[in-house]
Amino acid sequence: LLDCNNQKIPSIAGISGSGVITNANNLTVNLLKPNLTFDGAIQGRLVIEPSADADPGSYMVIGNAQTLANAELVVRDVEGHGDPIRFAAGVGTFYARRFDRNRPYLDTEGNPVTLVESRQKLYVDASRTGGAGDGLSWPTAYQTLKEAMESPSIDPLGTIVHVAEGTYSNGVMESGADVFRVIVPGNVELRSEAGAEKTFIVGAESPTPTSYGCGPGAIRCLKMAQSSRIEGFTITGGRVTDFATKDGGGCKGNGTLVDCVISNNVAFRGGGVECGGESAPSTFIRCRFLRNRCNQLGAALFYSSVAYDCLFEDNLGSDAIYTGAGKVYLYNCTFGPNNANNAVRTYGQNNNLAHAYNCVFMKPVVGNEVTQTNMYLHTCLATQPPAKGALADDDCTVTNITSVAEALAFAGLD
């Protein structure tokens, strides 16, 4: 028995044998000892990432169907290196709590194997008729997201909640004085079956609105804990109880949103999302931020975030993204010409607040308004020069377009 005690362990050359590894936190195998077979059990997070010195044909072998049943599997491909993981031949089906569902997996003889999620599974279907269900199957699915999040069947080590297409606008959950349609705890994945075009988490305007539907009794859409994941939803209609003080109209927290649409949400700051802090940023993958509004800062995103392949358009306020302390990293994102006054704005004494890689900006990028550079553009396209402490590297293309019509023409969208 090896108890890693949730400590980050330096990269190891390989694992073999039949022991038990518990509380693994990013246990990384670099394959310097190639083709070893481990048929024991791992609990935690296993990362297989070949080092530069590993043999290009080396891999780790998972020797038992249940070896990863209590583990998250992360496989990181390295250019010039073959598939770094294989599975024992003759087994066929293996189990893991979490893995890349889009990746093919092979056994040591080159035959395909099947990975099955071993996490607890719950089901929600707003259209199901009849009495209360236990959430353990589609015929007995819960009818609200609240029921699933409060289920006694939630496994704290990991649960997948499958959600049928539909509009989820019933039930509320409280966090202090704040009210949400759903609060997703850590290690829970909320996964829609039909995607964001057909699955909606809907907040609510105040019965006595003051500004843009905000006011007493308003309901935000979603709160997400660190290590939670929400995939394939439209998060819309969220409002805060006070447009002058309350942040995060659509969503609050530092989980991960994947293939989601965050639209038509309103708050003081972070109309779309109030993100996590510097040590635990929110993550967004292939999301669209549309028509969110803020009173002061960050119509789409406020505070610390990492975004991949996201689109920001028609967000209303001083800036689409704002941070004054937390870090922001943007990869392959596009900011349309109809956004807030600025695409991204940073403020503060930290000189390394924000970085954008391979992004398109059709609105200004504004850095520190105090002293030093703290917003960096790398291989980006910007229709206006960065200003006030934002710096574009030599690989960026910067024009001097000022009108929406010119920006659309430049992007080939006219």
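This is a predicted model: local features need pLDDT of at least 70, side-chain atom pairs count only at pLDDT 80 or more; totals for chains, interfaces and linings use all residues.
# Strands, a pocket and salt bridges

Arg345 has Val366 as its bridge partner in β37. The largest pocket has a volume of about 1800 Å³, and a search of the whole structure finds 22 salt bridges.

**Around strand β34**

- Strand β34 covers residues 342–346, and five of its five residues are buried.
- β34 pairs with strand β37 (residues 365–366) through two bridges, in the parallel sense.
- β34 also runs parallel to strand β31 (residues 319–323), and four bridges join these two.

**The six-stranded sheet**

- An open sheet is built from six strands in the order β1-β2-β4-β6-β8-β9, with parallel pairing.
- Its edge strands are β1 (2–3) and β9 (114–117), each of which pairs on one side only.
- Inside this order, two bridges link β6 and β8 in the parallel sense.
- Leu68 has Ala96 as its bridge partner in β8.

**The largest pocket**

- With its volume of about 1800 Å³, this pocket is lined by 46 residues, of which Arg45, Glu72, Val74, Arg98 and Thr256 are the closest to its centre.
- Several strands each supply at least two lining residues, among them β2 (20–29), β4 (41–48), β6 (68–75) and β8 (93–98).
- β6 gives the most to the lining, with six residues.
- Sorted by class, the lining has 17 polar, 15 charged and 14 nonpolar residues.

**Arg239, a buried arginine**

- Arg239 sits in the loop between β19 (234–236) and β20 (251–253).
- Its relative accessible area is 11%, so Arg239 counts as buried, the cut-off being under 20%.
- Leaving aside residues up to four places away in sequence, Arg239 touches residues including Glu205, Tyr212, Cys214, Arg220, Asn264 and Val266.

**Salt bridges to look at**

- Side chains of opposite charge can pair when their charged atoms come close.
- Asp83 and Arg103 form a salt bridge, with their closest N and O atoms 3.1 Å apart.
- Asp83 is in the loop between β6 and β7 (85–87) and Arg103 in the loop between β8 and β9, so this pair ties together parts that are 20 residues apart in sequence.
- Asp83 is partly exposed at 22% relative accessibility, whereas Arg103 is buried at 15%.
- Glu150 and Lys146 meet through their side chains in another salt bridge, at 3.0 Å from N to O.
- Both partners are partly exposed: Glu150 has a relative accessibility of 47%, and Lys146 has a relative accessible area of 26%.

**A charged network**

- Glu231 forms a salt bridge with Arg229, and their closest N and O atoms are 3.3 Å apart.
- Glu231 is buried at 11% relative accessibility, while Arg229 is partly exposed at 25%.
- Which residues do salt bridges with shared partners join into one network? They are Arg101, Glu117, Arg119, Glu189, Arg191, Arg229 and Glu231.

Conventions: Residues are numbered from 1 along each chain as its sequence is written. Side-chain values use heavy atoms; hydrogens and water are left out. On a 1 Å grid over the protein atoms alone, a cavity is a set of points where a 1.4 Å probe fits but cannot get out, and a pocket is an open set with protein on both sides within 12 Å along at least five of seven lines; lining residues have an atom within 4 Å of a point. Grid points are joined across faces, edges and corners, and a volume is the space filled by probe spheres set on the points. Ala, Val, Leu, Ile, Met, Phe, Trp, Tyr, Cys and Pro count as nonpolar, Asp, Glu, Lys and Arg as charged, and the others, Gly among them, as polar. Buried means under 20% relative accessible area, exposed over 50%, partly exposed in between (1.4 Å probe, protein chains only). Two strands pair if DSSP finds at least two bridges between them. Contact means heavy atoms within 4.5 Å. A salt bridge is a side-chain nitrogen of Lys or Arg within 4 Å of a carboxyl oxygen of Asp or Glu.
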